[in-house]
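Q: I have a structure open here and would like to talk it through with you. Could we begin with charged pairs and then move on to other topics?

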Amino acid sequence: MKVGYARVSTRDQDPSLQTDALRQAGCDRIYEDRASGAQRDRPQLREALDYMRQGDVLVVWRLDRLARSMRQLITTVGDLEERGIEFQSLTESIDTTTPGGKLVFHVFGAVAEFERSIMQERTRAGLDAARQRGRTGGRPPALSEEQAGLALTLMLHTDTSVRAIAKQLGVSPATLYRHFPGGRAALRDHAAD
């Protein structure tokens, strides 16, 4: 059985272009979602996938109707394949019911994996180069060494509230507690040791 899936991004959009193409492709049932592709929860897609059985074919008008990214597409079609369900995309002429269609889809998957590896490699190289220049990644510390020293002194030797100290330094109390876990009591216990 061929099962069609159509998706439009907003309630105002009309899915008839997709549904007409899916009917012409021989889909016995068609499920429609009106949701952004970035949205994870697509109830009609979930219902279509739950309905399908081994030997069925999921048909979409275009690849981006099923998945937002190549990675998501590869994962979804891989899950279908494990269940014995084939996949067709009408616009891109991908059809995993044929050997050539499977090859094309696997080439897409290999290209996506290659792109992911290249991006990871570039990121690592960029971070290594930054470290060699003395730079570290991430957000700069919220407290300078001077501010941390002042906060430590005020917390150990005054009864000024943590909230007041944080306000004086221009940070939140949570920032002080991140720098000094356990707060004033832990500092004073440590100082007493």
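A: Gladly, and the term comes before the count: a salt bridge here is a side-chain nitrogen of Lys or Arg within 4 Å of a carboxyl oxygen of Asp or Glu. Please keep in mind throughout that this is a predicted model.

Q: Which partner does lysine 102 have, and how far apart are the closest N and O atoms?
A: Lysine 102 forms a salt bridge with glutamate 86, and their closest N and O atoms are 3.9 Å apart. Because lysine 102 lies in helix H5 and glutamate 86 in strand E4, the pair ties together parts that are 16 residues apart in sequence.

Q: And is lysine 102 buried, partly exposed or exposed?
A: Lysine 102 is partly exposed, with a relative accessible area of 33%, and glutamate 86 also counts as partly exposed, at 22% relative accessibility.

Q: What about arginine 131, which residue does it bridge to?
A: The salt bridge of arginine 131 is with aspartate 128, the closest N and O atoms being 2.8 Å apart. These two residues are three apart in helix H5, so about one helical turn separates them. Aspartate 128 counts as partly exposed, at 40% relative accessibility.

Q: Which residues are linked in a network of salt bridges?
A: Arg62, Asp64 and Arg65 are linked in such a network. Within it, arginine 65 forms a salt bridge with aspartate 64, with 3.1 Å between the closest N and O atoms. Arginine 65 counts as buried at 11% relative accessibility, whereas aspartate 64 is partly exposed, with a relative accessible area of 31%.

Q: Switching to the sheet: what is the strand order?
A: Five strands form an open sheet in the order E2-E1-E3-E4-E5, and the pairing is mixed. The edge strands are E2 and E5 (94-95), each of which pairs on one side only.

Q: How many bridges join E1 to E2?
A: Six bridges join E1 to E2, and these two strands run parallel.

Q: Then E3, which strands does it pair with?
A: Strand E1 (residues 2-8) pairs with E3 in the parallel sense over four bridges, with valine 3 standing opposite leucine 58 in E3. E3 also pairs with strand E4 (residues 86-89), again in the parallel sense and over four bridges, and there the bridge partner of valine 59 in E4 is glutamine 88.

Q: Where do the E3 side chains point?
A: Val57 and Val59 point one way from strand E3 (residues 57-60), while Leu58 and Val60 point the other way, and all are buried.

Q: Next topic, aromatics: how many aromatic pairs does the structure hold?
A: The structure holds two aromatic pairs. One of them is formed by tyrosine 31 and tyrosine 51, a tilted pair at 6.3 Å centre to centre, with 50 degrees between the planes.

Q: Which elements do those two tyrosines lie in?
A: Tyrosine 31 lies in strand E2 (residues 29-34) and tyrosine 51 in helix H2 (residues 43-51), so the pair ties together parts that are 20 residues apart in sequence. Tyrosine 31 is buried, with a relative accessible area of 4%, whereas tyrosine 51 counts as partly exposed at 28% relative accessibility.

Q: What sits over the ring of tyrosine 51?
A: The charged end of arginine 29 sits over that ring, 4.1 Å from the ring centre.

Q: Last one, on the backbone: what is the phi of serine 93?
A: Serine 93 has a positive phi of about 55 degrees, although serine 93 is not a glycine. The residue lies in the loop between E4 and E5, and serine 93 is exposed, with a relative accessible area of 63%.

Terms used
Residues numbered from 1 in each chain as written. Predicted model: local features only at pLDDT ≥ 70, side-chain atom pairs only at ≥ 80, totals over all residues. Heavy atoms only, no water. Phe/Tyr/Trp six-rings, centres within 6.5 Å; stacked < 30°, edge-to-face > 60°. Buried < 20%, exposed > 50% of the residue type's maximum accessible area, 1.4 Å probe, protein only. Lys NZ or Arg CZ within 6 Å of the ring centre and 35° of its normal. Pairing = 2+ DSSP bridges.
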